Amino acid sequence: MLRPLLSVAALELRTRTRDGTALVVALIVPIALATLFGFALGGDDPPLRATIGFVDLDRGEFSASVRREVMSSEQLKGMLTLRDLPSRQEAQRSLDSGDIGSAIVFPQGFTKSVGAGAGGQVAVLTSAESPLAGVVANAIVDRISSVVDARTLAVRASLAYGVPGDRVKELVERNGAAGPGLSLADDPMEGGKVDLSVYYGSGMAALFAFFVVGASFRSLLTERRQGTLDRMRAAPIPRWAPIAGKALVGFGLGVVSVCATWVSSSLIFGTSWGDPVAVFALLVAHVLAAAAITMLVASRAKTDAQADGITMVVSFVMAFFGGSLVPLYNLPGFLQKVALLTPNGWTSTGLVQLAGSGGGLTTVIVPIGVLCAIALAAGGLAAAGFRKGLLG
Amino acid sequence: MTATLACAGLSKRFGDVLAVQDVGFAIEPGEAYGLLGPNGAGKTTTISMLVGLLKPATGNVLVCGTDLAAEPMAAKAKIGYVPQEIALYPELTGRENLRFFGRLFGLPRRALAARIDEVLDLVGLSDRADGKLGAYSGGMKRRINIGAALLHRPEVLILDEPTVGVDPQSRKAILDGVERLVADGMALLYTSHYMEEVERVCDRVGIIDHGRIVAEGTRHELVAMVGSADTIELMLDGDVDGAFDKLQALEGVIEAVRTGTGSVRLLAEGGRYVLPAIIAAVDGRATVIAVEVIEPDLEATFLHLTGSKLRD
């Protein structure tokens with residue numbers, strides 16, 4: 001049983017290595033492209049430096065609490081500078097001249113209004129020239145809003161239950177709606193610390209895995225054309241041996257390709273893709289899914305040229321929507337959801353989690369599971385297609 | 001005696017087309033059986049069912065008594081199949097091609113190496129075995145194509161058009177080799193467009209047309225089916241309809257068929273001697289511009305049974 005499988009696999013490996021395509025597609029091109037992209041676009045994001053204007057027309061507890069929290073935040077130290085400005089107009093002028101990147105404006109009577117359960121609005125001024133400063137200011141105001149909402153709700157509830165107005169503040173703070181305090185917990189942006197060379201390295205590995213495994217299944221159609229597939233099928237071997245033999249080689253070369261791209265990226269750029277065991281497992285699962293999808297293409301294609309064309313289109317579509325060509329966080333929100341329909345999307349997400357969080361195998365158990373499920377579904381459809389077509 | 005290859009009731013349908021219908025025959029050890037039929041008659045479909053590439057809708061195939069459907073591995077191990085096309089790897093050498101197919105038939109490594117040398121000697125390519133197949137001539141490729149089916153010493157050899165596109169020297173080498181194998185006791189199923197090859201190699205012939213075996217027997221038996229009548233092909237000019245009526249009524253003419261606007265085919269006893277009467281019969285109505293008398297042979301039988309020439 002095993003001998004015909006190994007005979008077919010040995011011939012496939014010999015053919016692939018002899019004509020040089022395996023070396024070029026599996027090793028040279030993905031490594032070269034990953035390296036070029038890494039040098040051209042890689043490296044850490046430039047350090048964030050933002051000056052935010054602070055217009056305190058309230059002079060109350062709330063605004064003081066925000067200033068205190070921002071200044072004492074370890075996370076924002078060295079990144080964020082608060083500049084006091086006397087009025088909203090002055091803040092706008094400074095923003096227009098580029099002196100500040102954004103501004104937060106506390107209106108007069110803000111603390112009092114929140115304390116009375118009437119809520120309040122903090123304004124944020126942003127500039128297109130300093131998007132990062134705008135993001136930070138908005139994030140701070142989002143936190144303020146949630147505190148204000150909680151406080152307003154608590155005060156309204158107390159008043160509704162007949163608590164006298166002069167006792168509401170003390171009652172609310174004693175029962176947990178802790179004053180106009182603001183806390184900024186550590187919550188780094190996911191993927192924020194991942195070097196771009198890791199993105200492009202893993203992207204090229206994921207893309208070329210399709211081409212590498214696809215070439216083996218394409219050769220099934222070439223063999224049908226030249227009659228050697230029928231000759232194999234007329235021999236006393238299991239029906240699945242020709243497909244399994246080629247799948248074995250395609251999968252093996254795919255794993256070698258992704259691992260070579262991973263190792264070369266790590267060595268050239270000195271970056272880590274994360275826990276090696278988890279990275280290897282994720283890459284193997286990706287190659288498995290790519291093998292099943294390209295097998296499905298071969299099972300439905302009529303000629304080897306048609307299989308080539310479809311594999312090319314499928315590979316690039318999966319690569320684009322799956323974040324292999326453009327990092328996922330650069331894609332619009334709905335495209336980030338579309339990415340999860342592709343194996344590349346799950347591989348990319350998993351690798352970003354591994355590189356960013358330093359987690360192990362359990363961190364990527366879901367992506368690996370999804371990739372295996374994709375492989376199972378596509379492989380099942382491919383087997384049905386082969387039974388009707390090539391092996392029918 | 002158990003037939004080496006026997007099939008019965010084979011049929012296969014592709015959509016609305018019934019490609020093969022109730023085909024059956026048996027080949028004994030040391031017997032060469034020819035399957036003749038025009039293009040699209042069902043030869044390749046029949047062969048595909050005999051070697052396990054297609055599942056028949058009905059019927060069965062027995063190889064040395066082993067049912068191909070029930071025990072495909074055991075049955076296939078006794079068949080040597082030579083497809084119509086050169087089903088080999090052009091980037092490998094002749095020896096490497098033989099080694100690959102020998103391994104698929106489970107030959108042990110050492111025994112395979114020796115057997116490859118024997119087969120290369122048999123097909124006369126020992127001195128070219130280590131050249132790339134892509135650089136071989138058409139005839140040399142055909143010989144390796146046959147050699148790959150002989151490695152495992154099959155009980156029955158199935159040759160589908162083995163001499164298409166080969167030079168006369170290679171054709172002779174192939175036919176000589178095939179005859180030796182049959183003389184040594186191997187059963188042979190042979191299809192070819194070349195009637196003279198079939199007449200030379202085969203002991204019995206089955207004629208297949210529109211998916212059915214329409215006649216079967218030795219060459220002598222098949223030729224006798226059309227009797228001693230000769231076929232006369234006439235090209236006429238003038239009142240062809242009137243001339244055709246006269247020819248139908250002519251003494252000695254068994255059958256007359258219009259094969260075109262100006263052509264008529266006659267089946268007549270002693271065709272050469274009827275010719276003066278034919279010319280006299282059409283005189284005044286049409287002029288005979290060409291005439292061909294075909295004496296009974298396998299080709300004539302084939303023509304009679306299928307209505308078309310083998311190489312149409």
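## The sheet in chain B

Four strands of chain B make up an open sheet, ordered E2-E1-E4-E5, with antiparallel pairing. Keep in mind that this is a predicted model. Strand E2 (17-27) and strand E5 (66-67) of chain B sit at the edges with a single partner strand each, so one side of each has no neighbour in the sheet.

Val63(B) has Thr66(B) in E5(B) as its bridge partner. Then there's helix H1 (residues 43-50) of chain B, which packs on the sheet and touches strand E1 (5-14), E2 and E4 of chain B. The direction of H1(B) makes about 120 degrees with that of E1(B).

## A helix pair in chain A

Over in chain A, helix H2 (residues 21-41) and helix H8 (residues 196-226) have axes that come within 8 Å and cross at roughly 160 degrees. That angle is why H2(A) counts as roughly antiparallel to H8(A). The crossing of H2(A) past H8(A) is right-handed.

Who meets whom? On the H2(A) side, the residues include Val25(A), Val29(A), Leu33(A) and Phe37(A), while H8(A) brings, among others, Tyr200(A), Met204(A), Phe208(A) and Phe211(A). By class, this contact has 16 nonpolar and four polar residues, with no charged ones.

## Where the chains touch

The contact between the chains draws on 18 residues from chain A and 19 residues from chain B. On the chain A side, helix H1 (2-18) and helix H9 (228-233) are the elements giving two or more residues. H1(A) provides the largest share, six residues. Sorted by class, that side of chain A has seven nonpolar, five polar and six charged residues.

Notes: Residues are numbered from 1 along each chain as its sequence is written. Chains are lettered from A and ligands numbered from 1 in the order in which they are written. This is a predicted model: local features need pLDDT of at least 70, side-chain atom pairs count only at pLDDT 80 or more; totals for chains, interfaces and linings use all residues. Two residues are in contact if their C-beta atoms, placed from the backbone, lie within 7 Å. Ala, Val, Leu, Ile, Met, Phe, Trp, Tyr, Cys and Pro count as nonpolar, Asp, Glu, Lys and Arg as charged, and the others, Gly among them, as polar. Axes are lines fitted to C-alpha atoms, for helices over the stretch in contact, and angles run from 0 to 180 degrees between N-to-C directions. Angles under 35 degrees count as roughly parallel, over 145 as roughly antiparallel, 65 to 115 as roughly perpendicular and the rest as oblique. A crossing is left-handed if the near helix is turned anticlockwise from the far one by less than a right angle, and right-handed if clockwise. Two strands pair if DSSP finds at least two bridges between them.
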